[in-house]
Amino acid sequence: MTSTKTTRNPSSLELIRRLSSARGAPGFEDEVLDAARQFIDPQTVRTESDSLRNFYLYRNQNSGDRPVVMLDGHSDEVGFMIQSVTREGMLKIMPLGGWAPQTVLAQKVAVRSVSGKWIPGLVAAKPPHFMKESEKSSAVNIEDMVIDVGAVSAEEITDIFGIEPGAPVVPHADFEFNSETGVMLGKAFDNRLGCAAVLETLSRLVNADLAVDVVGVFSSQEEAGLRGAQVAARKVRPQAAIVFEGAPADDFHGNAEARQGVLKKGPQIRHADRSMIANPRFTRFARETAQMNELPFQDAVRASGGTDGGSIHLSGAGIPTIVISVPVRYIHSPYGFAALADFEHAVDWCEAILKRIKPEDITSF
Ligand SMILES: [Zn+2]
């Protein structure tokens, strides 16, 4: 056991570093679960996983006869799948999740071999020296990009690298933390910050006397269409749900008055997006709880985007669901920035909600 297990003074930074560095393209989340297991104390939390690699965390203090609040954080990250191999040994890719092509080119990535080894590669296209003038100023589509692992033939891809079609690919990025600014740099903050928040909240609750049962879930395949959460909600059958997300920060574009995701201004509560209109009564309860505890937060009203809340709130007979997000600059690109304080405040907020909420509150939602 390390000093970061759930019963002992957990270090958020180490947890975030390990989770964000784990490689988990949609459908390939196993490494994220393995990383999380290092931080879980079986004395306080019982875990389970299913064939979609949803990961369930049950508080040992759950009584089984109280309303269940589900805490969700999706465990996958935007990535790619190897589609085919060219004669020259280049790897054609298919996106898993939403990518803007201009953030993909020239990035370093990791490709998983058949034996489970991660092979470093570069996202390549026609080099500038061979481009026509018109090509230099126009964007390259992902269909025209390849991953180059340094092979010279298709045979090398099979015989030396052991890479086959269907292999997952994720960005390669090292986690860094600036202790002077409190800002983290790394990959997959959408949504390993959410996974870390689920674990951290459960660890804060170890000795808490709650009026509800709490089940944490790392849902798989969110980026492929909120899929794991559909199964998880059917299995957990919660009476209410809190979804953690790493959401796009908007702190230096658009109108200053319209900004809703500014780093260090607190986590966001998302009132609506394309996948869900958040339960307004649960939303009000959450906002009041933040105000009572003097926790900073931002209100987000999004015309686009979606979260696992989209799947969860429509499960069963309808589940009151809210989404608490940590603003992250440049999500759905290889790297991002996020403030540790926003993460900590998201956990503080969820902890305060769970300590305050009563069965009758849930009934009133
Ligand atoms: Zn996400």
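Tutor: In this predicted model, helix α5 and helix α9, the latter spanning residues 340-356, pack with their axes 9 Å apart and at an angle of about 45°. That angle makes α5 oblique to α9. The crossing of α5 past α9 is right-handed. On the α5 side, the contact is made by Leu193, Ala196, Ala197, Glu200, Thr201 and Arg204. On the α9 side, Phe343, Glu344, Val347, Asp348, Cys350, Glu351, Leu354 and Lys355 take part. Sorted by class, the contact of α5 with α9 holds seven nonpolar residues, one polar residue and six charged residues.

Helix α1, residues 12-21, meets α5, residues 189-204, at an angle of about 135°, and their axes are 9 Å apart. This makes α1 oblique to α5. Their crossing is right-handed. From α1, the residues in contact are Ser12, Leu15, Ile16, Leu19 and Ser20. From α5, they are Phe189, Arg192, Leu193, Cys195, Ala196, Leu199 and Glu200. By class, the contact of α1 with α5 consists of eight nonpolar, two polar and two charged residues. Leu193, Ala196 and Glu200 of α5 are listed in the contact with α1 and also in the contact with α9.

Most residues other than glycine have a negative phi, and most peptide bonds are trans. Ala188 is not a glycine, yet has a positive phi of about 60°. This residue sits in the loop between β11 (183-186) and α5. Ala188 counts as buried because its relative accessibility is 12%, with the cut-off for buried set at under 20%. The peptide bond from Asp190 to Asn191 is cis, with omega near 15°, and Asn191 is placed in helix α5. Elsewhere, Lys264 also has a positive phi, near 75°, without being a glycine. Lys264 belongs to the loop between β13 (240-248) and β14 (268-272).

In soluble globular proteins, nonpolar side chains tend to be buried together. Here the largest nonpolar core has 57 residues, of which Leu19, Phe218 and Ile242 touch the most other members. Leu19 is also one of the α1 residues in contact with α5. Leaving out residues up to four places away in sequence, Ile242 touches Val69, Met70, Leu71, Asp72, Phe282, Ile322, Ile324, Cys350, Ile353 and Leu354. Cys350 and Leu354 in that list are also α9 residues in the contact with α5. There is a second, separate core of 22 residues, with Trp99, Val140, Ile147 and Val149 among them.

Phe55 counts as buried because its relative accessibility is 0%. Apart from neighbours within four places in sequence, Phe55 is in contact with Leu33, Ala36, Arg37, Ile40, Thr47, Glu48, Ser49, Gly216, Val217 and Phe218. Phe55 and Asp30 are 25 residues apart in sequence, and their C-alpha atoms are 9.5 Å apart in space.

Methods: Residues numbered from 1 in each chain as written. Predicted model: local features only at pLDDT ≥ 70, side-chain atom pairs only at ≥ 80, totals over all residues. Heavy atoms only, no water. Axes fitted to C-alpha atoms, helices over the stretch in contact; angles between N-to-C directions. Helix = DSSP H or I, 4+ residues; strand = E, 2+ residues; numbered from the N terminus. Parallel < 35°, antiparallel > 145°, perpendicular 65-115°, else oblique. Left-handed = near helix turned anticlockwise from the far one by under 90°. Contact = heavy atoms within 4.5 Å. Nonpolar A, V, L, I, M, F, W, Y, C, P; charged D, E, K, R; others polar. Core = buried A, V, L, I, M, F, W, Y, C linked by side-chain atoms within 4.5 Å. Buried < 20%, exposed > 50% of the residue type's maximum accessible area, 1.4 Å probe, protein only.
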